[in-house]
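Please view the chain first, and then follow the sections in order.

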Amino acid sequence: MVILADLIPVSYKLLKGMNESLILNVIRHNKYVSRSEIAKITNLTPPTVTNIINKLLEDGLVKEDKLGESSGGRPPVILKINNEAFDIIVIIIGTDIMEEYLLDAELTIRESKVDNIKKEDSESIFKLLFDRIRHLKDISKKEIAGIGIVVRGPVKSSEGISVFSPNIGWKNVPIKDMIEKEFGIPTFVENDVRAMALGEFYNGIAKNVGNVVFLKVGHGIGSTIILDGKIYRGINDMAGEIGHTTIDVAGPKCSCGNYGCFEALASEKALVNNVVKRIKEGSYSLVSEYVNGDLENITTRFVYKAAEEGDEVALSELNKIAIYLGIGIANIVNVFSPELVLISGGIVRGRKFIEDVVLDTIKRRSFEANYSSCSIAFSNPDYNTALMGISNIILDSIL
């Protein structure tokens, strides 16, 4: 059960809106909860809770569900968010695809579609984005309470601006203003890694863990820092660029222009580059056979496949990536001393080839006091954390 601590009992008449919002979010985060449980969590008096619940029932925002377990008296009535109250729209703009979702108030997916945007220019992607929002709005039979947009690259979330999205070439695009002017619906814009981190925090492995460093290891390395249950954004909304901390000053050049960055040594891009280099230098690998000798077509999928077959090049390069990944995470553990470091992204597909080396490296390179109080975990690659993260951002704001 989610506990909201240090709350002071207040008058429903004085702070009606605040208490309504508080109770709505308690119901939402706990899924099923009784009136008495709400009173305990919020420190509101039972009469105040009853008055607010009656109003929320009347407004159609919550509904009564099955009876709870009895402790001797009458079984309590369980409350939940009314999934028919409203819908929300979420668009996730990835590297090659755009995912579009229509969800109800309980975050059940009502409609979804995926479009390939690999060969589309920025203007075409804009048009597709607006067309898909319009379509989902039209097929919903309820009010659209909010729209969430997830993009790659740095984002000024408070202003809803995509500072730079490398895959589609957007620079300082005011997505929030553009969509709100077109549709008149509150819109929320977030970076993909932060959305994924929040998805894990609300509904995944990191649920209710107050201090987390979330690490997305894919083509690059992105991260999100959650301190005391809130994203740490820094003074310019750009905190968390752990991928561009230096691991080896004599290392390879990074996309940022520096040498030896964490990303340049431990990402999936680094893995592919290393395998290609080994093959060019004359090492035999099944990976080359998979692509018929066309090394430009090598992807991590082929590296993991070769590793499954015991390919020496694939396994040794995965081992090298694991060591650098462990070094980078050891630095994180020593600097932040978090409760949890959660590893996500494409690298999770190669987990069984790297996990032992990663954990051993972290243990050897971290202070014992920090390491012993920190958990290291890998995310579930089949769980759409970005969707859950941006959806909860929407609901936190509108409720």
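## Basis of the model

The model is predicted, so local features need pLDDT of at least 70 and side-chain atom pairs count only at pLDDT 80 or more, while totals for chains, interfaces and linings use all residues. Residues are numbered from 1 along each chain as its sequence is written, and side-chain values use heavy atoms, with hydrogens and water left out.

## Domains and their interface

The chain is divided into domain 1 (18-81), domain 2 (87-198 + 384-398) and domain 3 (208-378); such bounds come from an automatic or database domain assignment. The centres of domain 2 and domain 3, taken over C-alpha atoms, are 28 Å apart. In contact (heavy atoms within 4.5 Å) are 12 residues of domain 2 and 12 residues of domain 3.

The size of an interface is often given as the accessible area lost when the parts come together. Between domain 2 and domain 3 the buried area is about 1,000 Å², with 61% given by carbon and sulfur atoms; buried area is the accessible area (1.4 Å probe) that two parts lose on being put together, summed over both. Val 193, Arg 194 and Met 196 supply 51% of what domain 2 buries against domain 3, more than any other three residues.

## Salt bridges

A salt bridge is a side-chain nitrogen of Lys or Arg within 4 Å of a carboxyl oxygen of Asp or Glu. The structure holds 27 salt bridges, and two salt bridges are counted between domain 2 and domain 3. The side chains of Lys 216 and Asp 192 also meet in a salt bridge, at 3.0 Å from N to O.

Helices (H or I, at least four residues) and strands (E, at least two) are DSSP runs, numbered from the N terminus. Arg 278 forms a salt bridge with Glu 317, their closest N and O atoms being 2.8 Å apart. Arg 278 lies in helix α8 and Glu 317 in helix α11, so this pair ties together parts that are 39 residues apart in sequence. Buried means under 20% relative accessible area, exposed over 50%, and partly exposed in between (1.4 Å probe, protein chains only). Arg 278 is buried at 19%, and Glu 317 is buried at 2%.

## The surroundings of Asp 87

Asp 87 lies in strand β4 (residues 87-93) and counts as buried, at 1% relative accessibility. A network of salt bridges links Glu 84, Asp 87, Asp 104, Arg 110 and Lys 142. Leaving aside its neighbours within four places in sequence, Asp 87 is in contact with residues including Leu 102, Ser 140 and Gly 146.

## Helix α10

In helix α10 (residues 300-308), the buried residues include Phe 302, Val 303 and Tyr 304. Among the elements that cover the buried residues of α10 are α8 (268-280) and α11 (312-336). Gly 310 follows α10 and has a positive phi, near 80°.

Leu 107 has a phi near 65°, a positive value in a residue other than glycine. Leu 107 is placed in the loop between β5 (97-104) and β6 (109-116), and it counts as buried at 14% relative accessibility. Asn 208 likewise has a positive phi near 65°, and Asn 208 lies in the loop between α6 and β12 (212-217).
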